[in-house]
Amino acid sequence: MKADKRERALQIVLVVLGLAIAGANIYPLVTALVAGLRPTGGTTAPMFWTIYATLGVFLVLAARNPSAHRSLIAYAAWSSVAHTAVMALMATQLPTKRGELLAGVAVTGLSAVLLFVFARSSARSEGAVPV
């Protein structure tokens, strides 16, 4: 019974985060493509958005059977930690961008914490190796 609730909570976290990550990255990608990419606008952001949008879609798909997708969930959690660390460092070095970077730190850090907490509790209830 308790394991079912933990599994269900993890599924909800995966769907919510997956949809949020996909939506937050598909929107700027589509708007950038519709507006027309400019040579001076940089080429890194659209590539970044496609990678994260894809991750979001796969997190939603992983919600069907989280125990079968433990490595994807671990990747999402640890890549969020790495991304959070880089944004935090950039916030100290770029005072003009500090506000938006710290907002990103909060959102991405929260995503990592949610994935760690719910994936770990679900793994413990299944007897699997935690994330």
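Does Phe-116 count as buried or exposed, and at what relative accessibility? At 17% relative accessibility, Phe-116 counts as buried (buried means under 20% relative accessible area, exposed over 50% and partly exposed in between, with a 1.4 Å probe and protein chains only). The legends below describe a predicted model, in which local features need pLDDT of at least 70 and side-chain atom pairs count only at pLDDT 80 or more, while totals for chains, interfaces and linings use all residues. Residues are numbered from 1 along each chain as its sequence is written, and side-chain values use heavy atoms, with hydrogens and water left out.

**View 1. Helix H2 and its buried residues.** Helix H2 spans residues 44–62 (helices are DSSP runs of H or I with at least four residues, strands are runs of E with at least two, and both are numbered from the N terminus). From its first C-alpha to its last, this 19-residue helix reaches 27 Å, close to the 27 Å expected at 1.5 Å a residue (the expected span is 1.5 Å times one less than the number of residues). Buried positions in H2 are Pro-46, Trp-49, Tyr-52, Ala-53, Leu-55, Gly-56, Leu-59 and Ala-62. Helix H1 (2–35) and helix H3 (70–93) are included in what covers them.

**View 2. Ala-22 of helix H1.** Ala-22 is buried, with a relative accessible area of 9%. Leaving aside neighbours within four places in sequence, Ala-22 is in contact with Ala-53, Gly-56 and Val-57 (contact means heavy atoms within 4.5 Å). Ala-22 and Phe-58 are 36 residues apart in sequence, and their C-alpha atoms are 9.3 Å apart in space.

**View 3. The two aromatic pairs.** Rings of Phe, Tyr and Trp (its six-membered ring) pair if their centres lie within 6.5 Å; planes under 30 degrees apart count as stacked, over 60 as edge-to-face and the rest as tilted. By this rule the count comes to two aromatic pairs. The ring centres of Phe-48 and Tyr-52 are 4.8 Å apart and their planes are at 50 degrees, so this pair is tilted. Phe-48 and Tyr-52 are four residues apart in helix H2, and are therefore separated by about one helical turn. Phe-48 is partly exposed, with a relative accessible area of 33%. The rings of Trp-78 and Phe-116 have centres 4.9 Å apart and planes at 80 degrees, so the pair is edge-to-face. This pair links distant parts of the chain, with Trp-78 in helix H3 and Phe-116 in helix H4 (residues 98–126), 38 residues apart.

**View 4. The largest pocket.** A pocket is defined on a 1 Å grid over the protein atoms alone, as an open set of points with protein on both sides within 12 Å along at least five of seven lines; a 1.4 Å probe that fits but cannot get out marks a cavity instead, and lining residues have an atom within 4 Å of a point. Volume is the space filled by probe spheres set on the points, which are joined across faces, edges and corners. About 390 Å³ of space lies in the largest pocket. Its lining has 20 residues, of which Ile-21, Asn-25, Tyr-52, His-83 and Thr-108 lie nearest the centre. H1, H2, H3 and H4 each supply at least two lining residues, and the largest share, six residues, comes from H1. By class, this lining has 14 nonpolar, six polar and no charged residues (Ala, Val, Leu, Ile, Met, Phe, Trp, Tyr, Cys and Pro count as nonpolar, Asp, Glu, Lys and Arg as charged, and the others, Gly among them, as polar).
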